[in-house]
Amino acid sequence: MKMTFNFGSFLSARSVVGETLHELGQKHNNVWALTADTGGALATFKKDFPDRFIDTGVAEQNCAGIAAGLALEGNIPFIAGMIPFMTMRACEQNRTAICYQDLPVRFIGTGGGLTSGGGSTHNAMEDISIMKSLVNMTVLSIGDPNMIRDIMILSMDYPHPLYIRLAQGKKDRMLYEPGTRTYKIGEGITARDGKDATIIAHGEMVYVALEAAKTLAAEGIEVRVIDMYSIKPLNKNLLLKAVKETRNIVVLEDHLMEGGLASVIADAFVDGNIYPENFKRLGIPQVFAGFGSGEELRKKYGYDDTATVAVIKQMLK
Amino acid sequence: MADPKEVKRLEELAYEMRKKLINLCGAYDGVVHIGGDLSMTDLLIGLYHHGMRVDPSDIKSPTRDRFLLSKGHGAVCMYIAMCLRGYFDYDEIVKTYGRLDSAYGMHPCKIQLPGVECSTGSLGQGLAIAVGLAFSARQRKEAHRVFCMMGDGETCEGEVWEAANTAGSYKLGNLVGIIDRNKQLMTSFDGDYMRLEPYADKWRAFNWDVVELDGHDMGQIIDALDNLPPITNEKPTVLIASTIKGKGVSFMEKNVGWHAGALSKEDTEKAIADIEADYAGERSAA
Ligand SMILES: Cc1ncc(C[n+]2csc(CCOP(=O)(O)OP(=O)(O)O)c2C)c(N)n1
């Protein structure tokens, strides 16, 4: 797949998932694709490997159970779906059929945060909280649509359940030029360096954080931006370094503030006796966020780039 | 047999409703679940304008029939059926549909839009909630019915059958399920992967009375609703309505690409022309 890289321009992460899955299916005859009637991007896989493609219809629990069965026999099932239904309808199957048996099922969910536009039934604001609480589950959140390819490839050697939260899935902003970085479970990326404060973000909020950092730079405030794509496990060294070097930490995420990356980081602070000078979180408050585009809702609930800039300026006063 | 005048009245309403759906879709800059809206248009007209005892001026009346749209992605179809019945204002729907803070969202929200009985959009949950309403009505000796509209694809969800089993076991004769049997899911046709047939037998096996009908034939819709058994019936009833996804618009009918979509100006005009021709009986078979 050859394409030109333009920072901030759009690409469909779902189409990257479709292409990569097809590639993996060719290389590994134990790779399966499963979906509960949301496999629009899996056309080439199902065409070439129909005996390793299962569409269960609108039945997410069933899908998770079947994936567990496949994995018990040494297969690597990828489930593609919409986040709320994949993580909530099938929650107990994910926990007990998959995580309890520590099976290498891959969940790839689209519509992270409030990006779906479908309102509160379709918003995904609890998924990280839910999935990270499952023992044995690894949780990644990926905004850059090219990054998902590398992650899927490296997941082939990962013997545990893996949840990957994507942003909207149809229109996702490119952040990193393909081939210029190596990704690893348990790592993070310093997407921009700075010494005055650090914004830690994941998913599509990394772009928003970079925008905020740009605005602040024009006012002489140098902000570091960390793309903490691996939420569980968390890169504590990267976190500690940010606290030491920039003292001020802001977490920005498209998730309920309670239970998301901010909570994971707060846990790490408590466990490690780490005390930043300032620690703030921006994200979704305890509301059913309702209808509107992701951008509109971010603004409404106060976690867009403008809000981030304001919080950091206040913090550094 | 349905009164021909009533059939005509409802057919005209359905015709108007299809045009309103298309015009809304054309005016909106995002996607609308137009395929499944057009497949249940006639059924919703039949329910809101003939079969159900509802009163838009008294939306909390304890004696009203209850309607749950389990296939919540068809919200706009329900909004317009209700709007034609006098619940809402069409221009207001068009102006605000799907926008920030709108009461008229892509999936119905009971709290934001009084008149909606239940917030839905996550498929497969409606029937169990309807069973709860039906239990309550029976225990309180209330005479209304509970209607629950489901997509056929939606009935792949296990919860639907758990609820169906309960309703059959507890002999909830005041419960009426309606299946928009358009034989399409979101990304495939029935039979490509999941096979729902023998569909009516499945419901019968769960102790439901089954009525099969053409969901685009207003006479049959009226007959089915007029001939529902009394609420003391020993079984719940399911109306399995054979429908066409995208009904009335040639380029949408049975086209997987039109589960949901956005309409250009040109397509809007073409769709309206199709609906007019369809209504006049002039359109050649798709
Ligand atoms: C639990 C859940 N899973 C997935 C979806 C996404 N989705 C919306 S509509 C749809 C297909 C529904 O098919 P069907 O019930 O037949 O509806 P219709 O064809 O009448 O539109 C899917 C998978 C959802 N809304 N809820």
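**Terms put to the test**

Mentor: Start with packing. The buried residues of H10(A) pack against helix H6 (127-132), strand S10 (197-201), strand S12 (230-232), helix H9 (236-246), strand S13 (248-256) and strand S14 (278-284) of chain A. Keep in mind that this is a predicted model.

Trainee: Which residues of H10(A) are called buried, and what makes them so?

Mentor: Leu261(A), Ala262(A), Ser263(A), Val264(A), Ile265(A), Ala268(A) and Phe269(A). Buried means under 20% relative accessible area, so each of these residues falls under that cut-off.

Trainee: How do you know that the span of H10(A) is close to the expected one?

Mentor: Helix H10 (residues 261-272) has 12 residues.

Trainee: What comes just after H10(A)?

Mentor: Asn273(A), with a positive phi of about 50°.

Trainee: Why are 10-173 and 189-315 of chain A called domains?

Mentor: Because an automatic or database domain assignment sets those bounds. Chain A is divided into domain 1 (10-173) and domain 2 (189-315). Their centres, taken over C-alpha atoms, are 26 Å apart.

Trainee: What makes residues of the two domains count as being in contact?

Mentor: Heavy atoms within 4.5 Å. On that test, 31 residues of domain 1 of chain A are in contact with 27 residues of domain 2 of chain A. The area buried between them is about 2200 Å², with 61% from carbon and sulfur atoms. Leu114(A), Met125(A) and Lys132(A) supply 29% of what domain 1 buries against domain 2, more than any other three residues.

Trainee: How many salt bridges and polar contacts link the two domains?

Mentor: The salt bridge count is zero. The polar contact count is 18 residue pairs, both residues at pLDDT 80 or more.

Trainee: Now chain B. Why is Lys300(A) with Asp101(B) called a salt bridge?

Mentor: The cut-off is 4 Å between a side-chain nitrogen of Lys or Arg and a carboxyl oxygen of Asp or Glu. Here the closest N and O atoms are 2.4 Å apart, so the pair qualifies. The count between chain A and chain B is two salt bridges.

Trainee: Which element gives the largest share of the side of chain A that touches chain B?

Mentor: H11(A), with three residues. The area buried between the chains is about 1900 Å². Val58(A), Arg89(A) and Phe291(A) supply 35% of the area that chain A buries there, more than any other three residues.

Technical notes. Residues numbered from 1 in each chain as written. Chains lettered and ligands numbered in written order. Predicted model: local features only at pLDDT ≥ 70, side-chain atom pairs only at ≥ 80, totals over all residues. Heavy atoms only, no water. Helix = DSSP H or I, 4+ residues; strand = E, 2+ residues; numbered from the N terminus. Expected span 1.5 Å × (residues − 1). Buried < 20%, exposed > 50% of the residue type's maximum accessible area, 1.4 Å probe, protein only. Buried area = accessible area lost by both parts, 1.4 Å probe. Polar contact = N/O pair within 3.5 Å; in protein donor to acceptor, adjacent residues only side chain to side chain.
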